[in-house]
Structures are given as structure tokens and as C-alpha cells.
Protein chains: 2
Amino acid sequence: MMNEGMNSLDYEARVDRLREKMEKEGIGLAILYERSNVRYLAGWRQNTTSFSILFITQDGLVHMVPKLDKKAVENECWIDPSDIYEIPDNPMKKYKDIIGEEYNSIDNIGIESETIFNSRLKNIKENIGCRFSDVQPLIDSLRIIKSPAEQELIRGGALAISEVMTEIIDAAEIGMKEKDLTAKAKMLMDLKGGETYSFEPFAMSGKNSWLPHRTSTDKKFKKSELILVDMGLIWQGYCTDITRTFTVGELSKKQIDFFDAAYEAQKEAKKKVRPGVKAKEVHERAVEVFEEYGLSDYFPHLTGHGLGYDIHEAPIIDEKQEIELKPGMVVTVEPGVYKEGIGGARVEDMLLVTERGHEELTKTERKLI
Amino acid sequence: MMNEGMNSLDYEARVDRLREKMEKEGIGLAILYERSNVRYLAGWRQNTTSFSILFITQDGLVHMVPKLDKKAVENECWIDPSDIYEIPDNPMKKYKDIIGEEYNSIDNIGIESETIFNSRLKNIKENIGCRFSDVQPLIDSLRIIKSPAEQELIRGGALAISEVMTEIIDAAEIGMKEKDLTAKAKMLMDLKGGETYSFEPFAMSGKNSWLPHRTSTDKKFKKSELILVDMGLIWQGYCTDITRTFTVGELSKKQIDFFDAAYEAQKEAKKKVRPGVKAKEVHERAVEVFEEYGLSDYFPHLTGHGLGYDIHEAPIIDEKQEIELKPGMVVTVEPGVYKEGIGGARVEDMLLVTERGHEELTKTERKLI
């Protein structure tokens, strides 16, 4: 039932690596609801209105899915159809029935501590047990390093989004609405073969861009303003992300200098991306450059983030992160500045950390066009 | 700072109605995270990667938003800018500081019990209090009845999605991929003026449709198969939803009879939609029709759902729902059947419950085309 692409990702090996980590931490059972965790381990691409529950023990795997999706999951997911169940009114009671005597050996339960819904945790407490550990850090430690097969996939996605960005910059013209440019971006992402978008893409221009205003509006592009487009497509499950700043007319010296600061901060921060460097050092370098330009007060966000089955995942690149970069991590670098009367400027690329430094995955021209 | 459209929805009056209900239930403070609740009450359209927290007391309103969005929210949201704060590391400690002495009068805290994240609830418990009530039913009781201004908006959205569906049925042809048809659907939804999509739209055809498989694939449309397209656009925040079943070739007598069952079940279920009828009675009528066709085993889902700022909201229409329909409710009616060797068939419309019956909001031809 597996196609080649699925096979090369080897979902079962991922589950086995998670089991090793669970054993070390004394976690007997992991109960997972997060869509990206489910996709990483079960390989199921859900409809956006759906959800599923994955139960993992040393010897067992149970996947509960909505009745409506059950047959599709049996056909598409690597997990044995006999381990796929319909989500009942009380999923935890059902799970206890399924595992039978194995239940007695389960002590510590691994949950997604940050994001699990209160009502779901209650259902676990009332039926299975009350000793919990956070299992998300164990899954993150797997997901943060992309395998060669994943790197190859992400490389393809980054190339596709780079091509879309190049077309979008060409398509922008005076009088066009922000909304219409992002509608075109979506269509191009679809045509390139994206599953869907990493997030709702947006264009922000002129008076909208300094806030910053992260949704496209009916505002039309004018001569003499900075236009910023941020978007990403999902490529066989993997999120991509790119930002470019450009114009459709003439810019003032002030605007050009402003863009140069963002361009320079990104260029310098990228130079820091290599194994052994702490994530916060990449951020600090961007801040330093903005300080030189006297613009550090106008840089209100992080410098970058990891991405994979989630658009924002480990490692985060901001002032707090002590984590060291390692080969196989994929991160964005995207320092930006936003100032009233000038606008917003940001350049964002996806970088793969390699043994010796990094590989730039997104390719669109970065200089002001 | 308000435009006409925002004003006509009167967010402040919604907050006041919620306050009345909170007072009756003895809820001193409501803490809200759900995007659709925040949009309903604060009127802020968030980027998909963003989130915010709304705190409501009898006299106060505090809106915490990400640093990056703060200026945009101050410009776009009806709430006084002095009540808008940046989300800090510990939002609940910050809130306690903001309200000062008012804190002493807060006893019972209203939370979104079902969906609140465990970690967020913990943050509330550790800083503010431990007596909770579920506030979602109070908000649902407001959201379930659409005001005349909301009805007018939803009517516009339903008309727009009807037009998109008509174009999509025309555009489908033999040899076209499911994915390419939904890419076209997305583009048309954007061009019609949708903010984005209610959910990832999908087309399912032939061997994919009986599972049912709720994502579009690379499968090409063939002669002699049923094609089902389900989609919705978001119209100024309000979700729309429509499904049609059609073909690009010739169908067998078996397939035509199968479609007729779905068509008939929907037609009969719709006749039930009027004030005073219980939601479950609408579902039961659909089941009855499928029973007459000997197909009730192949109807794996609900008959319909309410929709508004969420694609699935109250009232749900399935076998369990005792709730009575009332004027101002907007629901879908969409019974469907899926059978191996034949395919899937479903017709879905949006209905507004009126004083005397209902108004059909979606207009696309329903008969097999």
C-alpha cells in the first residue's frame, strides 16, 4: 500500500526511534493528537477539518481516526489496518479495552503537554492514568534533524517556492491589489504541485507594511513604496517559507537605506549558520547590524525558525535560544524592520545546516528589484 | 477606526450580551483563546500563524496580542488601544497586574473548557484562580443565532460560492486531475473576494470517492464516474460550504440510482428545516430515505452542521441532537453515501432558518450534470 515516496521516508523507523527515546525516559505509552506529529509518525495527510489519535507503546501502535476517514486511512497509512479504529465517544476507555492486559504495565504516559486540550487530558486521567511526561521534546529531537530523504524533499519544495516568488515579483504592478497578488501566488503554488500553503500568504505595501499588517488587503500598489511578500507552499507535507521585498516604482534614498539594513542583517546572520553556533548568536548578529543602522528598535520579531511538518518548529532563532545548530537542521533567516513613513523590509531564506556550514535552499534574487 | 462593515456587526454589543450571560452564570472573568471567539468579539482577523488572548469582565476588556501584530490590532480592532497589550512570557501574571484591585472580585473564571490547551489552563491556575466554568456554551448561544447583518453577509458569501461551484462543474473534463480542479476552485474563490477557504477544498472521483478520500489527488477524471467537489470560501470572516456531485461522462443506471438516493435524502431532509424541529429529526429523515434505497449502511457521517466564524459550529445535525431549530440559525444539509464499485454521492446546501421555514442560501443546480 506504500508508494516509493512514502517508503523512502520510513515512518516505521521513526516510530522505532521514538520508542527507544521513550524507553530511556521511562514513558510506557505516548498519546499523540498534534497533526504534525501524527503525519510524521503515521504518514497520514488529514483533511483540515479532521483529526486523529495515535497511541504508541514498545510493542503496539493504535491509530484512531474519524469514521468518515477510516477506509481511506486503511488504504493510505503504513500502519496495519487491524490497528486502525474509529474514534468513539470515549477514546481512552476504548484504548484500554484494545490493549487489555498490556494496560497493567503502563505507568508514565507521554503527552503533548503544551498543546493537548484540557478535555482530552481529562479523558486520559479518568480512564488510563495520571502520571504524565512531556513527550513533545522527544519527538522534536527526532524531527529537528532532517534525514537525507527529507532534505531532498525540502530542497524540491524550496526550489518550487523560489520559482513562484520570482514569478510573483514579475507580476506585481502599479494599481494591483495586495489581495490579487496573493491570489496569484496561491494559484502558482497550487500549479507547482504544493499540497496547500504553509500559512495564509500575504503582501503588505506602503502604509500597510510598517505596522506590520500580516494579511493582504484591497490596498493597491503605488509607485514609491516598499512591497513585502511572505509565503510558503507545503511540499509532500513539508513546509517552505520565503520573503522578498521589492518595489513597482521608484524608492527614496531613505527607503533604499532601510532595505539595505534588512538585506545586510540577513546576509550577516546567514553567515553565522553552521554547526556548533548557538541559535541566539545568529539572532544577535542580525541585531548588531540593525544597531549599526540605528534601527534595532524597529526589529520586533525573531530572526528565524525551524520548519518541517510544522511551519514553526525547533530550532527557534531568537535572543533566548542556547541550542546549537547541527547538520540536518533546516531553518529560516528573516530579520526585518518596520517603520512608520518608510514601510517594512525583510528578506527570508531557508537554509539547511551542513557539515561545514549551510546550503541555501531558496534561490530567488534577494536584492531590491 | 471602524469601517461601515465592522460597525454594522457591532462587536461591542456582542461583548455586552456575553457580559449579561456571564453575570447570570456568576462568571466574573472570561479568558478566550479560540480564534473564532476572538474574531466574533474583538473583530480581529488574525494571520493563520498568530494568536491572541481576550479577557472580559463586567467593566473591562483586555486584548493581548503578539508584539509583531500590536500596531495593526490597535488600528483595526474596535477595542481601545490602551486595552491592547503585547503577550508576555507569563500572560496571566501580566493580566493580574493590569486589573489591580479588580482581581479580588473575581471568583469563577470562564474558560473554553473543551479546547483550552493544558499549558494555558495551568498558567491560569497558577496565577489567577482555580474555579472554572465553561464559557463556550454562552458564546455559542450568541453565535448560533445570526443577526440580520450577519445573515446579509452570509447570503453574499453563499451566492459567491454558488457561482464558483457552477464554474467548477463547467471546468471539469475527462483527463483533468482532481488537484487541478481544486486549484482552479481556490483561484476562483480568491477572485470572488473570499478571505481564504473554510477548509482545504477537495474533489474525489471514481475509486477515490467511495472511501471517502477527503483530499484531492493526482487521479484524473474518467468517463463513467461520479465526481464530488466540497468547498467553501470565507466571506468577511463567515464560512460558507457547498457540495455537488456530477460527472464528465456517462453513468451506469446503478450510479444514477445511487446519486438519486443522495439527492432525495437531501431534498427530504431540507423539508424538515424550520423552527421548532429538533436537529436530530432532520438527520432521521435523511436516514429514512437511505433506508428506502437500502443504503443506510453507506451513510457514515452527520447530516449537517451550523457555520459562521467556524466551519463546524452549533447546531450539529446528527442522531444525538435534541436542540430545536430557530430563526437565524444557518446550517448545512449534506447527507451522503459512499460505496465500493459505485463511488460517492452527496449534495450540500446552506440553509437559513426563517420564521416560517428556511431560505436556501446556495443556488447551484443540484441535479446530476
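Predicted model: local features only at pLDDT ≥ 70, side-chain atom pairs only at ≥ 80, totals over all residues.
Residues are numbered from 1 along each chain as its sequence is written, and chains are lettered from A in the order in which they are written.

Strand β3(B) spans residues 61-65; helices (H or I, at least four residues) and strands (E, at least two) are DSSP runs numbered from the N terminus. Of its 5 residues, 4 are buried (20 or more other C-beta atoms within 10 Å of the residue's own, with C-beta atoms placed from the backbone). Strand β2(B), residues 53-56, runs antiparallel to β3(B) and is joined to it by 4 bridges, pairing being assigned where DSSP finds at least two bridges between two strands. Phe55(B) stands opposite Val62(B) of β3(B), and a hairpin of 4 residues connects β2(B) to β3(B).

Strand β4(B), residues 84-86, is parallel to β3(B), with 3 bridges between them. The chain passes from β3(B) through helix α4(B), residues 70-76, to β4(B) in a right-handed β-α-β crossover (clockwise from the first strand over the helix to the second, with the strands pointing away from the viewer). Met64(B) stands opposite Tyr85(B) in β4(B).

Between the chains, 37 residues of chain B are in contact with 37 residues of chain A (C-beta atoms, placed from the backbone, within 7 Å). Helices α4, α6 (118-127) and α9 (178-191) of chain B each give two or more residues to this side of chain B, and α9(B) provides the largest share, 5 residues.

Definitions and conventions:
Buried ≥ 20, exposed ≤ 12 C-beta atoms within 10 Å, placed from the backbone. Contact = placed C-beta atoms within 7 Å.
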